[in-house]
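Hi everyone, thanks for coming. I'd like to walk you through one model today, so please have a look at it with me.

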Amino acid sequence: MKEAIQHPSTTNPRASAKTRPSNPQPPSYVPAAEVRSLLANSLAARQQRLGAADMISTDEAAQLVQTTRVTINAWIAKGRAIGLTQTKRGFRMPRWQFEPSVWAALPKLSAALGTAEGWALLSFLESPHGALNGITPRQAIEQGQMDTVIRIAEHEGN
């Protein structure tokens with residue numbers, strides 16, 4: 001009887017592992033120059049966003065919704081409203097969050113994402129999302145898709 005000749009990699013799993021090319025590992029740190037660049041760009045982008053035409057102060061927000069600045073600050077702390085920290089004291093807020101469709105979604109969105117941090121909420125709402133065919137969650141909410149956006153947020157929050 002002839003004995004079947006088997007390829008070494010089929011008889012010894014280690015043999016195939018030894019012959020596979022190793023994947024180069026990325027460096028375990030980011031160079032300091034790159035970190036400085038990322039931080040500088042981030043700061044510039046945040047400053048630009050804070051100065052955008054749709055941004056209002058907490059005092060202006062209080063007037064808009066007929067409440068007090070203290071209440072607005074409490075809402076921000078609870079994730080009921082988006083307040084963006086700035087380099088000086090106080091918050092800036094996107095005016096559009098007080099539109100009824102977005103306003104109704106904010107507490108659910110904050111809970112789903114597990115954060116009340118304004119920049120995180122704003123980034124989620126203003127970033128195009130593949131699960132929404134490339135539109136932003138804010139646009140989807142304004143188009144009546146709040147439940148879909150909340151499900152996406154729950155997935156990303158976990």
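**Where two helices meet**

Let's start with a contact: from α6, Leu106, Leu109, Ser110 and Leu113 meet Leu121, Phe124 and Leu125 of α7. Contact here means heavy atoms within 4.5 Å. Sorted by type, the residues of this contact are six nonpolar, one polar and no charged. For that sorting, Ala, Val, Leu, Ile, Met, Phe, Trp, Tyr, Cys and Pro count as nonpolar, Asp, Glu, Lys and Arg as charged, and the others, Gly among them, as polar.

Before going on, a word on the source: this is a predicted model, where local features need pLDDT of at least 70, side-chain atom pairs count only at pLDDT 80 or more, and totals for chains, interfaces and linings use all residues. Residues are numbered from 1 along each chain as its sequence is written, and side-chain values use heavy atoms, with hydrogens and water left out.

Back to our pair. At what angle do the axes of α6 and α7 cross? Helix α6 covers residues 100–113 and helix α7 residues 118–126; their axes come within 11 Å and cross at roughly 105°. The axes are lines fitted to C-alpha atoms over the stretch in contact, with angles running from 0 to 180 degrees between N-to-C directions. The two helices are therefore roughly perpendicular to each other, a label for angles of 65 to 115 degrees.

Now the whole chain. It has nine helices and three strands, which are DSSP runs numbered from the N terminus (helices H or I, at least four residues; strands E, at least two). From the N terminus, the order reads α-α-α-β-α-α-β-β-α-α-α-α.

The three strands form an open sheet in the order β1-β3-β2, with antiparallel pairing. β1 (55–57) and β2 (84–85) stand at the edges with a single partner strand each, so one side of each has no neighbour in the sheet. Pairing requires at least two DSSP bridges between strands; β1 and β3 (residues 91–94) have three, in the antiparallel sense. Met55, for example, has Pro94 in β3 as its bridge partner.

Finally, two loop residues. Gln66 sits between α4 (58–64) and α5 (69–78), and has a positive phi of about 55° although it is not a glycine. Is Gln66 buried or exposed? Gln66 is exposed, with a relative accessible area of 76%; exposed means over 50%, buried under 20%, and partly exposed in between, with a 1.4 Å probe and protein chains only. Asn133, in the loop between α7 and α8 (137–142), has a positive phi near 55° and is exposed at 74%.

Methods. Parallel < 35°, antiparallel > 145°, perpendicular 65-115°, else oblique.
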